[in-house]
Amino acid sequence: MLRTLLKGLVILWWQKYWLLGTVALVLGGAGAYHLLSSPVYESEAVINTGLPPGVSDYADETEAIIERFRVAEGLEDESALLALETDSDRVHLRVQGESAEAAELLAEDLSRGLLSEFRSHHHGQRSRLEDALEGLDSRISDLRGTLRRLSADRPEEVDNLYLATRALVEDSGQERLERLEAERADLANQLERLEQPGPGMLRQAELPDGPSRPDYGTLWKVAGVLAALLGLLSIILAQQRQDRRRRQG
């Protein structure tokens with residue numbers, strides 16, 4: 001085994017120029033790509049929509065708000081916008097730029113604009129629920145007053161038909177009151193869920209630590225491995241060629 005190893009080292013020494021040339025060629029190509037390629041930086045922000053499922057048609061409303069925002073900002077064909085995706089009650093916004101500062105500023109600007117859209121929609125939903133709750137409170141109050149007056153109206157001389165009619169009206173009014181109170185409780189629950197936590201920025205856009213692509217670390221690792229493999233292959237081929245010449249000579 002030692003003899004084979006020594007023979008391999010001798011061959012490596014004889015063919016060192018093939019090895020060095022191949023390694024220089026591969027690493028030179030990687031270096032040229034490194035210098036000529038334009039780095040791309042990415043920045044991401046995460047927004048809480050404030051639209052909890054059950055209070056609203058979350059998926060449809062969220063998509064509608066995002067689509068309106070895209071159109072308003074002219075982002076339909078914007079290559080800098082990489083992703084604008086929903087996840088539960090969150091929206092992930094990811095952008096790219098030619099510099100770290102440009103990516104951060106764009107992500108910050110777009111995330112603030114989108115957050116403003118969700119806050120506006122949230123305010124409209126809250127106003128709608130508050131108005132509906134106020135209307136129910138008024139209807140419940142009127143119905144309770146009617147039932148109290150009906151219950152207090154007890155004339156001394158009434159026939160059975162009047163008593164039966166009044167009892168029917170009271171029962172019907174009581175059932176309606178229970179339905180209205182159940183509807184009010186549901187609206188109050190929706191309003192409470194809508195208020196917690198409400199739209200907000202879960203993750204601010206940050207300055208990227210480095211380019212997202214090309215991945216220069218991976219580039220040089222791959223180039224190093226490739227240079228070593230091709231260098232060894234070039235040594236083997238060169239040695240085989242030299243051996244053939246010797247046998248032919």
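Leu-237 is partly exposed, with a relative accessible area of 48%; partly exposed here is the class between buried (under 20% relative accessible area) and exposed (over 50%), worked out with a 1.4 Å probe and protein chains only. The model is a predicted one, where local features need pLDDT of at least 70 and side-chain atom pairs count only at pLDDT 80 or more, while totals for chains, interfaces and linings use all residues. Residues are numbered from 1 along each chain as its sequence is written, and side-chain values use heavy atoms, with hydrogens and water left out.

Leu-237 sits in helix 6, which spans residues 216-248. Helices are DSSP runs of H or I with at least four residues, strands are E runs of at least two, and both are numbered from the N terminus. Together with Leu-226, Leu-230 and Leu-233, Leu-237 makes up a nonpolar patch on the surface, and the four share about 330 Å² of accessible area. Such areas come from the Shrake-Rupley method with a 1.4 Å probe, and for residues only the protein chains shown count as cover. To join a patch, a residue needs over 30% relative accessible area and no salt bridge; like charges are joined within 9 Å, and nonpolar side chains (Val, Leu, Ile, Met, Phe, Trp, Tyr) within 5 Å.

An unreviewed UniProt entry has something to say about this stretch too: its annotation "transmembrane region" covers residues 219-238. UniProt positions follow the numbering used here, feature names are shortened, and annotations may be inferred rather than shown by experiment. In the model, residues 219-238 are 100% helix and 0% strand, and the end C-alpha atoms of the span lie 28 Å apart.

Helix 6 also holds Arg-241, which is partly exposed at a relative accessible area of 44%. Arg-241 belongs to a positive surface patch along with Arg-244, Arg-245 and Arg-247. For charges, Lys and Arg count as positive and Asp and Glu as negative, with His and the chain ends not counted; the place of a charge is NZ of Lys, CZ of Arg, CG of Asp or CD of Glu.

A patch of negative charge turns up on the surface as well, made of Asp-60, Glu-63, Glu-67, Glu-76, Asp-77 and Glu-78. Of these, Glu-76 is placed in the loop between helix 3 (58-73) and strand 2 (81-87), and its relative accessibility of 45% makes it partly exposed.

Then there are the pairs. Side chains of opposite charge can pair when their charged atoms come close. Counting as a salt bridge any side-chain nitrogen of Lys or Arg within 4 Å of a carboxyl oxygen of Asp or Glu, the model has five salt bridges. One of them joins Glu-42 and Arg-94, at 3.2 Å from N to O. Glu-42 is in strand 1 (residues 41-48) and Arg-94 in strand 3 (residues 90-97), so this pair ties together parts that are 52 residues apart in sequence. Glu-42 is partly exposed at 23%, and Arg-94 is partly exposed at 29%.

Arg-112 and Glu-108 form another salt bridge, at 2.7 Å from N to O. Both lie in helix 4 (residues 100-152), four residues apart, or about one turn of the helix. Arg-112 is exposed at 52%, whereas Glu-108 is partly exposed at 23%.

Glu-181 and Arg-144 also meet in a salt bridge, with 2.3 Å from N to O. Because Glu-181 is in helix 5 (residues 160-195) and Arg-144 in helix 4, the pair links parts that are 37 residues apart in sequence. Glu-181 is partly exposed at 30% relative accessibility, and Arg-144 is partly exposed at 38%.
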